[in-house]
Amino acid sequence: MRTAQVLRRGAAERLTRIDAILESAYETSEGELGNKEDPLDEAIYIILSFQTDLRRFSSTWSSLRAAYPTWDAVERAPVRKIASVLREGGLHRQKARTIKQFLLAVRRFAGGLSLDALRGMNDADAEQILTRLPGLSWKGARCVLLYSLQRNAFPVDGNTFRVLKRSGILAAHAVYRRRTSHDAIQAVVPPTRRRSLHVNLVVHGQRTCLPRYPRCAECGLFSTCPRVGLPRMRMREPMASRQEEIGRLV
Ligand code: SF4
């Protein structure tokens with residue numbers, strides 16, 4: 001799929017309106033997401049976030065740092081011991097293996113357990129290195145660029161992708177696991193708005209545009225949102241399901 005086909009006609013104008021509404025609603029409350037200033041910390045935080053919600057991966061991050069205060073200690077620890085620390089976050093064995101492989105690759109690349117060498121690189125080179133490390137996709141690499149290296153990258157996580165598809169920015173057939181999708185979305189967001197819009201979309205996806213039962217009646221985008229791909233029954237959710245979904249990251 002070509003980049004242009006990922007976006008629907010009028011995507012840029014629609015996105016400008018969505019950005020203004022979400023900024024008014026959330027005011028870029030990025031402290032809630034817990035991202036890290038150090039690029040190695042941020043990369044491992046993102047690995048822990050895979051297929052779990054913010055509360056659980058924040059908790060497993062704290063557990064990991066308490067059990068192993070340095071990355072050297074994690075590097076020396078057996079996978080099974082790291083996995084036991086990560087159990088609460090799910091996929092704990094897989095994440096423990098990935099973190100060990102990731103640290104090994106970082107040491108080979110940098111000669112030590114640090115990603116500070118990225119600070120002197122341009123965005124494209126830094127992103128290429130990050131995406132070659134085990135466990136980081138384009139989204140993970142762009143989180144490191146955005147939060148730790150202070151670059152104008154636009155990470156597209158599951159929340160962002162879902163909100164942009166339902167609200168008519170993305171074509172209905174756009175696929176998350178294609179780089180063209182990530183590049184097309186990043187290209188349409190003005191560089192100076194990338195950080196704020198990313199944070200607001202993540203928060204919106206966690207609080208309102210929930211994966212299974214979006215809270216459309218309470219949504220600030222309701223009057224303009226075409227709710228692409230959403231069965232009518234999904235707009236009215238049972239309370240129990242709604243509570244289960246709040247905070248979920250996909
Ligand atoms: S109106 Fe519904 S589908 Fe559209 S962004 Fe809001 S919660 Fe999501």
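Gln150 counts as exposed, because it has 11 C-beta neighbours inside 10 Å (exposed means 12 or fewer other C-beta atoms within 10 Å, buried means 20 or more, and partly exposed is in between, with C-beta atoms placed from the backbone). This is a predicted model, where local features need pLDDT of at least 70, side-chain atom pairs count only at pLDDT 80 or more, and totals for chains, interfaces and linings use all residues. Residues are numbered from 1 along each chain as its sequence is written.

**Two loop residues**

- Gln150 sits in the loop between H9 and H10 (helices here are DSSP runs of H or I with at least four residues, numbered from the N terminus).
- The phi of Gln150 is near 55°, a positive value in a residue other than glycine.
- Gln51 also has a phi near 55°, again positive without being a glycine.
- You'll find Gln51 in the loop between helix H3 (39-48) and H4.
- Gln51 is partly exposed, because 13 other C-beta atoms lie within 10 Å.
- For background, most residues other than glycine have a negative phi.

**Helix H12**

- H12 covers residues 194-207, 14 residues in total, and spans 20 Å from its first C-alpha to its last.
- That's close to the expected 20 Å (1.5 Å times one less than the number of residues).
- Most of H12 is covered, with 11 of its 14 residues buried.
- Among the buried ones are Arg195, Leu197, His198, Asn200 and Gly205.
- The buried residues of H12 pack against helix H2 (11-26), helix H4 (54-67), helix H9 (138-148) and helix H10 (158-166).

**Two domains**

- The protein splits into domain 1 (3-30 + 155-245) and domain 2 (33-148) (the bounds come from an automatic or database domain assignment).
- Taken over C-alpha atoms, the centres of domain 1 and domain 2 are 26 Å apart.
- Where they meet, 12 residues of domain 1 are in contact with 7 residues of domain 2 (contact means C-beta atoms, placed from the backbone, within 7 Å).
- On the side of domain 1 that touches domain 2, helix H11 (179-188) and H12 are the elements that give two or more residues.
- H12 gives the most to that side, with 6 residues.
- By class, that side of domain 1 has 4 nonpolar, 3 polar and 5 charged residues (Ala, Val, Leu, Ile, Met, Phe, Trp, Tyr, Cys and Pro count as nonpolar, Asp, Glu, Lys and Arg as charged, and the others, Gly among them, as polar).

**Around the ligand**

- The ligand is surrounded by 14 residues, and the closest are Cys209, Pro214, Cys216, Cys219 and Cys225 (a residue is near a molecule if its C-beta atom, placed from the backbone, lies within 6 Å of it).
- The shell around the ligand has 9 nonpolar, 2 polar and 3 charged residues.

Note on methods:
Two residues are in contact if their C-beta atoms, placed from the backbone, lie within 7 Å.
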